[in-house]
Amino acid sequence: QVQVVESGGGLVQAGGSLRLSCATSGRIFSGNAMGWYRQAPGKQRELVATITSSGSTNYAGSVKGRFTISRDNANNTVYLQMNSLKPDDTAVYYCKLGYSGSSLSFGSWGQGTQVTVSS
């Protein structure tokens with residue numbers, strides 16, 4: 001059974017930093033694409049960042065230069081380092097484990113972790 005568990009959310013002031021973690025189990029991790037998404041109140045879930053099994057990354061324009069996605073295959077974990085946080089970054093952040101090395105079209109979701117950025 002695949003498990004995806006996020007952690008690291010919290011309350012931070014604008015300009016601050018947070019590091020989210022996503023631990024996975026039940027599936028070969030190194031061969032899977034991983035992604036971070038977020039959903040703010042009243043808005044649709046949106047892609048934040050992705051990383052393929054080969055380590056290629058992609059970012060939403062709104063976070064490029066501020067957020068960094070990385071993966072630790074030895075520990076089946078993906079991270080999202082978030083710097084220079086803004087109130088607009090406030091959302092529930094979700095991790096997704098893709099079922100292929102390069103696509104997140106199909107995968108398993110975590111339960112989400114709340115990030116709140118105060119002005």
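Serine 84 lies in the loop between β8 and β9 (91-98), where strands (E, at least two residues) are DSSP runs numbered from the N terminus. The model is predicted, so that local features need pLDDT of at least 70 and side-chain atom pairs count only at pLDDT 80 or more, while totals for chains, interfaces and linings use all residues. Residues are numbered from 1 along each chain as its sequence is written, and side-chain values use heavy atoms, with hydrogens and water left out.

The phi of serine 84 is near 50 degrees, a positive value in a residue other than glycine. Most residues other than glycine have a negative phi. With a relative accessible area of 42%, serine 84 is partly exposed; this term covers values between buried (under 20%) and exposed (over 50%), computed with a 1.4 Å probe on protein chains only.

Asparagine 76 is placed in the loop between β7 and β8 (77-82). Its phi, near 50 degrees, is positive, and the residue is not glycine. Asparagine 76 is partly exposed, at a relative accessible area of 26%.

Strands β7 and β8 belong to an open sheet of four strands, in the order β1-β3-β8-β7, with antiparallel pairing. Two strands pair if DSSP finds at least two bridges between them. The edge strands, β1 (3-7) and β7 (67-72), each pair on one side only. From one strand to the next, the twist averages 15 degrees; axes are lines fitted to C-alpha atoms, and angles run from 0 to 180 degrees between N-to-C directions.

Between β1 and β3 (residues 18-25), the antiparallel pairing extends over five bridges. Valine 5 has alanine 23 in β3 as its bridge partner. Strands of a sheet pair through backbone hydrogen bonds.
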